[in-house]
Amino acid sequence: MDNQVEKPNLIGSGSLDDLSRTCKMNSPNVRAMHKSEDEIPFGREIAFHLSESTALDVHGSHSRVLQASSNETLLAIIYRSIQVVVFSNRFNLLIPFGPLAILVEKLTDHHGWVFALSLLGIMPLAERLGFATEQLAFYTGDTVGGLLNATFGNATELIISLYALKSGLTRVVQLSLLGSILSNMLLVLGCAFLCGGIVFHKKEQVFNKAAATVNSGLLLMAVMGLLFPAVLHYTHTEMHVGKSELVLSRFSSCVMLVAYAAYLFFQLKSQKSLYASVNEDEIQTGNNSNNDESPDLSKWESIIWLSVLTAWISILSEYLVGAIEGASTSWKIPIAFISVILLPLVGNAAEHGSAIMFAMKDKLDISLGVAIGSSTQISMFVIPFCVVVAWIMGIPMDLNFQLFETAALFLTVIVVAFMLQEGTANYFKGLMLVLCYLIVAASFYVHVDSQPVD
């Protein structure tokens, strides 16, 4: 009959799929897999690959992040991770210079070659350290991500400083850390403003002015901590000659460490809203165009790569520090120029690339967190930490960076503070900061250090 009534399908195909899926989820093997996936580093990722292959069979869709088959093992994940970190960047062609520096040091006495090869070998490692930090920052936020970039970006400087301190080269420690601050504030921030301003030349980029003001205040506090020991020394007004300067430096270092710890609590816990970036606000309102970005590494992969790269950098840093004086003699370049200009260029490779990349994506808050946050961390944590470590080791390291160096730092902080006071950035501000760095570099090239390295 034409009007024949079809019998309703009491159990539709969708219900059958749901019932089958439920039965599979209740099976012992699947329960064991879900139970143990959090107990191993790559458990979540393996489970993700398995579920992804099922989705491909049912829906025929393709994943942007990881295109893996259902039988991908831990070995395949490790291979893919090495391919992403090591073979995805042409800059990594410089990595073999690191082992070559060790070989040259063992076979010859050419300290200039050892220093140059170590310098070239550390640069890609520092850049990859920044890449791994950026991947880890995907699982945090803009504020914590900028802090992570600054922290692991400064790992190279801290490792070099500790090896120099162990060798008794306290002057190299002072100059290299000072150079890192100058490089971050002028060169890194300047290049970020310049590149971001060129990409977005039709508008002024904006950033969180309140957060930048807090960092500027901390940098001025650091200048105060470095200025008074130098003034005390050059005015010859010490109560106990040769001792008061050292005691004041150690006391000021402890105060600066306390201030930095309070700053971290203020930034991450107490006043988190103050550090909410413009991009976080756009994400909440749905106006951000970069939501489709996804990490190339999982959280555990990022952490493991951070550990491996830090260990390799620490090995090369020992050879780098040991060849500084020989390189200065063979190249006829002042140790002050090598320590203030050349060493920070290597140590800041991670910050340099990260700050420029984020600025070109109109994420200036992260760029500032990397550049200015790194300078704040070095001045308020790394330098006082080195003074305290030297105190424990019985090495008399103080905060008297000498008059010329302290004046260079003071003027740099003032210039950058004026650049940040409006909360906007453009390519002209970036160009001015880069040109200021060229003046500083030329000044240290013709500067004769009054304090001996030893």
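Q: In which loop is Lys332 found?
A: This model is predicted. Helix α14 covers 324–331 and helix α15 covers 335–347. Lys332 is found in the loop between α14 and α15.

Q: What is the phi of Lys332?
A: Most residues other than glycine have a negative phi. Lys332 is not a glycine, yet its phi is positive. The value for Lys332 is about 55 degrees.

Q: Is Lys332 buried or exposed?
A: A residue counts as exposed when its relative accessible area is over 50%. Lys332 has a relative accessible area of 73%. Lys332 is therefore exposed.

Q: Which loop holds Gln402, and what is the phi of this residue?
A: Gln402 lies in the loop between α17 (364–393) and α18 (403–420). Gln402 is not a glycine, but it has a positive phi. The phi of Gln402 is about 75 degrees.

Q: Is Gln402 buried or exposed?
A: The cut-off for a buried residue is under 20% relative accessible area. Gln402 has 7% relative accessibility. Gln402 therefore counts as buried.

Q: How are α9 and α19 oriented to each other?
A: Two packed helices are described by the angle between their axes and the distance between the axes. The axes of α9 (residues 170–199) and α19 come within 7 Å and cross at roughly 150 degrees. Angles over 145 degrees count as roughly antiparallel. The crossing angle therefore makes α9 and α19 roughly antiparallel.

Q: What is the handedness of the crossing of α9 and α19?
A: The two helices whose axes come within 7 Å are α9 and α19. Their crossing is left-handed.

Q: Which element of the chain has the lowest mean pLDDT?
A: For the whole chain the mean pLDDT is 78, and 76% of the residues reach 70 or more. Among the elements, α19 (residues 427–445) has the highest mean, 94. The lowest mean, 41, belongs to helix α3 (residues 43–59).

Q: Over residues 1–71, how many contacts does the model have beyond near neighbours in sequence?
A: The pLDDT is below 50 over residues 1–71. Beyond near neighbours in sequence, the number of contacts for this stretch is 45.

Q: What percentage of the residues in the chain is buried?
A: The chain has 454 residues, with 19 helices and two strands. Of the residues in the chain, the buried ones make up 48%.

How values were computed:
Residues numbered from 1 in each chain as written. Predicted model: local features only at pLDDT ≥ 70, side-chain atom pairs only at ≥ 80, totals over all residues. Heavy atoms only, no water. Helix = DSSP H or I, 4+ residues; strand = E, 2+ residues; numbered from the N terminus. Buried < 20%, exposed > 50% of the residue type's maximum accessible area, 1.4 Å probe, protein only. pLDDT = per-residue confidence, 0-100. Contact = heavy atoms within 4.5 Å. Axes fitted to C-alpha atoms, helices over the stretch in contact; angles between N-to-C directions. Parallel < 35°, antiparallel > 145°, perpendicular 65-115°, else oblique. Left-handed = near helix turned anticlockwise from the far one by under 90°.
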